[in-house]
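Please open the structure in the viewer and keep the selection tool at hand.

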Amino acid sequence: MKTKYFNDAIIGNEHITASFTKKGELLRLLYPNTDYKQFIDFFHIGLKINDSNIVYLHNDINNIYNQYYIEGTNILNTEILNTYFKLKIVQTDFVCVKENVLVRRLKFVNENVIDLNLNLLIHSKLISTDNNQVSGLCKNDSLLQYMHDYTVCTFSKEKILSSQINNTKANINEGQIGDKDYVGMSMDSSISYDLGLLRPNEEKTFELYIYIDDNKNGLYGIEKTIERIRKIDFKTEYDNTKKYWRRYLKNYDGLNLDLTDNLRNNKIQEIYERTILLYPLLINNETGGISAAVEVDEKLTQCGRYTYCWPRDAVFITQALDILKM
């Protein structure tokens, strides 16, 4: 499993917590509570542009990044500018308030003088163990990665162009995936979408959804839920999520700070508001447990793990909750 030490951004709702790097890479995805279970080893998104090899959104020598939250919310924007192809990408990540769905909305803007043909590729690897191995299946334009107790479903409202369940790493760097249509014990699998031609100054939007099912209703139940999710108006969900977090921030602004008169105080105000918005993403609403942090060291190479309720850290946080009238 990939070593992960730092979360640069965290989003979520009552049941899902997701963390990201400053380049917009999804690091961790926890469900059905903020302290259990972490599914993601890696989740990489890339583009084959014209005849190129894959250009990863989170890691390319020609990419320039700018990341920020939508003010007063747990909605994350990551702006990516690929200077070689002069392609601008605005990646917006949010978790719906009433739906346990992580939405990844990608807006592409061609700032070049030539046409850009875009093929989007997703390579997803889940954490797999000897007693809880992951298998992959591509069905009804959805990638289903399943284990004993959960299925991670990755899909869009768009049709999948191609898929590969087994041995994706052998050829995805060339921007090409596809293999025989069979189910395999594979912890990593991939899908791709044809985004078509993007002409100079044109823009195009694509939405990707990640939903986790508890496998209680079988494959038929998963397929029904996916089809229901596909019909959701995510523009409305985005607006509702923005309103929810801004109302949450207003309700729990227990100190009524106003420190916006200079840059130093602006930073203090930003930390204060981000703290209020972070706390609900650390609290298990079923047990009352408060995680010390979204995990920073799964392999225990630097510390003794932090996605647990440690009494010392919980005392610090509950004291802060009292101050904030939370």
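Which residues in H4 are buried? This is a predicted model, in which local features need pLDDT of at least 70 and side-chain atom pairs count only at pLDDT 80 or more, while totals for chains, interfaces and linings use all residues. Residues are numbered from 1 along each chain as its sequence is written, and side-chain values use heavy atoms, with hydrogens and water left out.

**Stop 1: helix H4**

Select residues 311-323, which form helix H4. Helices (H or I, at least four residues) and strands (E, at least two) are DSSP runs, numbered from the N terminus. The buried residues of H4 are Asp313, Ala314, Ile317 and Leu321. They lie on the same side of H4, because they cover an arc of only 95° around the axis; the arc is that of the directions from the helix axis to the C-beta atoms. Pro311, Arg312, Phe316 and Asp322 are exposed on the other side of H4. Buried means under 20% relative accessible area, exposed over 50%, and partly exposed in between (1.4 Å probe, protein chains only).

Next, consider the two ends of H4. At 1.5 Å a residue, its 13 residues should span 18 Å, and the end C-alpha atoms are 18 Å apart, which agrees. The expected span of a helix is 1.5 Å times one less than its number of residues.

Now select arginine 312 and aspartate 313, whose side chains meet in a salt bridge with an N to O distance of 3.5 Å. A salt bridge is a side-chain nitrogen of Lys or Arg within 4 Å of a carboxyl oxygen of Asp or Glu. Arginine 312 is exposed, at a relative accessible area of 53%, whereas aspartate 313 is buried, at 14%.

Just after H4, select lysine 325, which takes a positive phi of about 60° although it is not a glycine. Lysine 325 counts as exposed, with 63% relative accessibility.

**Stop 2**

How many salt bridges does a search of the whole structure find? The search finds 14. Side chains of opposite charge can pair when their charged atoms come close.

Select arginine 28 and glutamate 298, which form one of these salt bridges, their closest N and O atoms being 2.8 Å apart. Arginine 28 lies in strand S3 (residues 26-33) and glutamate 298 in the loop between helix H3 (263-278) and helix H4, so the pair ties together parts that are 270 residues apart in sequence. Arginine 28 is buried, with a relative accessible area of 0%, and glutamate 298 is also buried, at 16%.

Move to lysine 37 and aspartate 149, another salt bridge, in which the closest N and O atoms are 3.5 Å apart. Here lysine 37 belongs to strand S4 (residues 36-38) and aspartate 149 to the loop between strand S13 (142-146) and strand S14 (151-155), so that distant parts of the chain, 112 residues apart, are linked. Lysine 37 is buried at 14% relative accessible area, while aspartate 149 is partly exposed at 27%.

**Stop 3: two cis peptide bonds**

Then select tyrosine 31 and proline 32, which are joined by a cis peptide bond with omega of about 10°. Proline 32 is found in strand S3.

**Stop 4: tyrosine 65**

Select tyrosine 65 in strand S7 (residues 63-69). Its side chain reaches the backbone oxygen of leucine 57 at 2.7 Å, and a polar contact of 3.1 Å joins the side chains of tyrosine 65 and asparagine 63. A polar contact is a pair of N or O atoms within 3.5 Å; within protein, one must be able to donate a hydrogen and the other to accept it, and residues adjacent in sequence count only if both atoms are side-chain atoms.

Leaving aside neighbours within four places in sequence, tyrosine 65 is in contact (heavy atoms within 4.5 Å) with residues including Lys22, His58, Asp60 and Ile80. Tyrosine 65 and lysine 22 are 43 residues apart in sequence, and their C-alpha atoms are 7.8 Å apart in space.

**Stop 5: the loop between S15 and S16**

Finally, select asparagine 171, in the loop between strand S15 (162-164) and strand S16 (188-198). Asparagine 171 is buried, with a relative accessible area of 19%, and a polar contact of 3.1 Å joins its side chain to that of glutamine 164.

Asparagine 167 is found in the loop between S15 and S16. Asparagine 167 has a positive phi of about 60° although it is not a glycine, and it is partly exposed at 47% relative accessible area.
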